[in-house]
Amino acid sequence: MALLFYSTMDSSAQWRHELAKHLPDLEMRVWPETGDVREIDAAIVWKPKPGLLATFPNLKMICSLGAGVDHLFLDPSLPRQVPIVRLVDPYMTEAMSEYVLTQVLCLHRQDLIYRAQQQEQVWREQPQPNAADRRVGVLGLGELGGDAARKLAVFGFKVSGWSRSEKRLPGIESFHGSQGLPAFARRSDILVCLLPLTTETEGVLNARLFAAMPKGGAIINVGRGRHLVEEDLIAALESGQLSAAVLDVFREEPLPAAHPFWRHPRVVVTPHVAAATNAPTAALSIVENLRRLAAGKPLLNVVDPTRQY
Ligand code: NDP
Ligand code: OXD
């Protein structure tokens, strides 16, 4: 089997090493050294150049090097008949939940206010609600959102979640569909976005959603930058409708130097690090699918191209 590797990150040597540990006979070709394109059976890719995947006539599987697959659907010539699989890695899930818990706890314990007070040498106690009085809403109850929601509930927060399909998760109030979104927003003091980016979810973090949230609420966006309508966030922060935003993902990455988010006192910026792909553990998910492909068995973590996730 010949495998094509393409990534915008300089990680091919590490991936070659990790895959060879499990599949020593695997022939991995790193773009642009593809050799005979007819020999490529599978591709593992991150942000492939539009048009690239269509050049392999015998491609049988496309693996995303991340949990998200929106980077693939940007390609108008993506070969629609080829199954797409994505990364589901317990290590990544734990990392994401760590990030979400860290940021929710910082917002809950008013870290931004105390940091600002320290700058001014102000010794002032802020009223502090208990976790049980803080309502946290998680948009997206999949692999990542589901784990984060469960762990937030363990900390005692009042947790709810929003998904496309109806869910019953112990200790988590569940909402679904567009009809469930306003009620979900109304009970979210802190709202975490862990949705995939699709045509339906693009721009979901907008003025209407912010207006439905309790005054002084906060958002954490770890999904994708295009979930957020940036000017609506700035306006909601200026009006006091929202008190803070934690952003890990952006419409343009790296975030341009002149972008107002860098200097906004109520915005926390991190450089798309909430849950990075970790080759040693992520390789296991890819190896399992390569073995299944070779054996003609059903693939795992297959994306539904009509839903785009
Ligand atoms: P999943 O596919 O497992 O879960 C997606 C969830 O979103 C599901 O609960 C799904 O509902 C819900 N959803 C999708 N579309 C809609 C919709 N239109 N309305 C309501 N709910 C919807 O994805 P993951 O949890 O694995 O990953 C989520 C995203 O996190 C990734 O796509 C990626 O963009 C982002 N990510 C960010 C990282 C970072 O470092 N910042 C790292 C890794 C991922 P249902 O359950 O009903 O299908
Ligand atoms: C991913 C990401 O989708 O890192 O895995 O954003």
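Predicted model: local features only at pLDDT ≥ 70, side-chain atom pairs only at ≥ 80, totals over all residues.
Reader: Which residues surround ligand 2?
Author: The residues around ligand 2 are W46, G66, A67, G68, M92, R224, H272 and A275.

Reader: And how does that shell split by class?
Author: Four residues of the shell are nonpolar, three are polar and one is charged.

Reader: What does R224 do there, in terms of distance to an oxygen atom of ligand 2?
Author: A polar side-chain atom of R224 is 2.7 Å from an oxygen atom of the ligand. For H272, an N or O atom of the side chain also lies 2.7 Å from an oxygen atom of ligand 2.

Reader: How much of ligand 2 does the protein bury?
Author: The protein buries 87% of the 210 Å² that ligand 2 exposes when taken alone.

Reader: Switching to helix 9. What span should its 17 residues have?
Author: Helix 9 covers residues 279-295 and should span 24 Å at 1.5 Å a residue; its end C-alpha atoms are 23 Å apart, so the two values agree.

Reader: Which of its residues are buried?
Author: In helix 9 the buried residues are A279, A282, A283, S285, I286, V287, N289, L290, R292 and L293.

Reader: What phi does G296 take, just after the helix?
Author: G296 has a positive phi of about 70°.

Methods:
Residues numbered from 1 in each chain as written. Chains lettered and ligands numbered in written order. Heavy atoms only, no water. Helix = DSSP H or I, 4+ residues; strand = E, 2+ residues; numbered from the N terminus. Expected span 1.5 Å × (residues − 1). Buried < 20%, exposed > 50% of the residue type's maximum accessible area, 1.4 Å probe, protein only. Near = heavy atom within 4 Å. Polar contact = N/O pair within 3.5 Å; in protein donor to acceptor, adjacent residues only side chain to side chain. Areas by Shrake-Rupley, 256 points an atom, 1.4 Å probe, with all protein chains shown as cover. Nonpolar A, V, L, I, M, F, W, Y, C, P; charged D, E, K, R; others polar.
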